[in-house]
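Reader: I'd like to learn how to read some features off a model like this one. Could you walk me through a few?

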Amino acid sequence: APGVTSYLAVTIAALPQPVIGMLPNDTVCINEIVTFSGSDAAGTNVSVWLWDFGDGNTSTLQNPTHTYTSTLSGGLVRLIAINNETCRDTTYLTIEVTNPTVDFSMSPQTACLGDTIFFTGTPVDVTYTDWNWDFGDGNVATGREVWHVYTAANNYDVTLNVCSKTVIKQVTVLP
């Protein structure tokens, strides 16, 4: 006797592939606003974003901001993405939240007009991307190690801002 065959249509939905973006993209300081972004590498229709920032705080926004109020070593940021078909996946990002003592050196501290002056931010073992310099003459730079040439003799206040911490030192440029 022939067997009976029945067919059932089955839809298999794709899993989301959550991706965490973060600015600043490296070490974070306490009391600094951190911007997170959630995206889906699989391109599914994510309808729910569940964030855990690793310090007991959470968010359901796709692109939240968060401020850490204490240091955190080896913390994990977790993002769960749930798409319209209720498929879910989770990704993690390790985060370090520090409270550094920021300073800088310059060489030379007294220079002649046209000399290159080199500036180095400390501590050197931290990988911040947001070393923001103001040379006091309308010029700015970003980076832990920068240099500048002044075009007029004067005393200039050089400002370094990292993680909302500011250090000001004076450089003298002789004619």
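Predicted model: local features only at pLDDT ≥ 70, side-chain atom pairs only at ≥ 80, totals over all residues.

Reader: How many disulfides does a search of the whole structure find?

Author: The search comes back with 0 disulfides.

Reader: Okay, back to Cys 87. Which side chain reaches its backbone nitrogen?

Author: That's Asn 83, whose side chain gets to the backbone nitrogen of Cys 87 at 2.9 Å. A polar atom of the Asn 83 side chain also lies 2.9 Å from the backbone oxygen of Ala 14.

Reader: Where does Asn 83 lie, and is it buried or exposed?

Author: Asn 83 is in strand 7, which covers residues 72-83. With a relative accessible area of 2%, Asn 83 is buried.

Reader: What is Asn 83 in contact with, leaving aside its neighbours within four places in sequence?

Author: Ala 14, Leu 15 and Pro 16 on the one hand, and Thr 44, Asn 45, Val 46 and Ser 47 on the other.

Reader: Let's do charges. What's the general idea behind a salt bridge?

Author: Side chains of opposite charge can pair when their charged atoms come close. In this structure the count comes to 3 salt bridges.

Reader: Which side chain does Arg 78 meet in a salt bridge?

Author: Asp 52, with 3.9 Å from N to O. This pair ties together distant parts of the chain: Arg 78 belongs to strand 7 and Asp 52 to strand 4 (residues 46-52), 26 residues apart. Arg 78 is partly exposed at a relative accessible area of 31%, and Asp 52 is partly exposed at 23%.

Reader: And what does Lys 169 form a salt bridge with?

Author: With Asp 103, where the closest N and O atoms are 3.1 Å apart. Here, too, distant parts of the chain are linked, with Lys 169 in strand 16 and Asp 103 in strand 9 (residues 103-107), 66 residues apart. Lys 169 has 28% relative accessibility and counts as partly exposed; Asp 103, at 32%, is partly exposed as well.

Reader: How far apart are the closest N and O atoms of Arg 144 and Glu 145?

Author: They are 3.8 Å apart, and the two residues form a salt bridge. Arg 144 is partly exposed at 21%, whereas Glu 145 is exposed, with a relative accessible area of 58%.

Reader: You mentioned strand 16. Where is Leu 174, and what is it in contact with beyond four places in sequence?

Author: Leu 174 is in strand 16. Its contacts beyond four places are Thr 110, Ala 111, Cys 112, Leu 113 and Ala 153. The relative accessible area of Leu 174 is 37%, so it is partly exposed.

Reader: What does Pro 175 look like by comparison, buried or exposed?

Author: Pro 175 counts as exposed, with 83% relative accessibility. You'll find Pro 175 in the segment after strand 16 (165-174). Leaving out neighbours within four places, Pro 175 is in contact with Leu 113 and Ala 153.

Reader: How far is Pro 175 from His 148, in sequence and in space?

Author: They are 27 residues apart in sequence and 16 Å apart from C-alpha to C-alpha.

Reader: Last one: which residues make a nonpolar surface patch?

Author: Leu 8, Val 10 and Ile 12 make one of about 410 Å². Ile 12 sits in the segment before strand 1 (18-23). At 77% relative accessibility, Ile 12 is exposed, because the cut-off for that is over 50%.

Notes: Residues numbered from 1 in each chain as written. Heavy atoms only, no water. Patch = residues over 30% accessible without salt bridge, like charges linked within 9 Å, V, L, I, M, F, W, Y side chains within 5 Å. Areas by Shrake-Rupley, 256 points an atom, 1.4 Å probe, with all protein chains shown as cover. Salt bridge = Lys/Arg side-chain N within 4 Å of Asp/Glu carboxyl O. Helix = DSSP H or I, 4+ residues; strand = E, 2+ residues; numbered from the N terminus. Buried < 20%, exposed > 50% of the residue type's maximum accessible area, 1.4 Å probe, protein only. Contact = heavy atoms within 4.5 Å. Disulfide = S-S within 2.5 Å. Polar contact = N/O pair within 3.5 Å; in protein donor to acceptor, adjacent residues only side chain to side chain.
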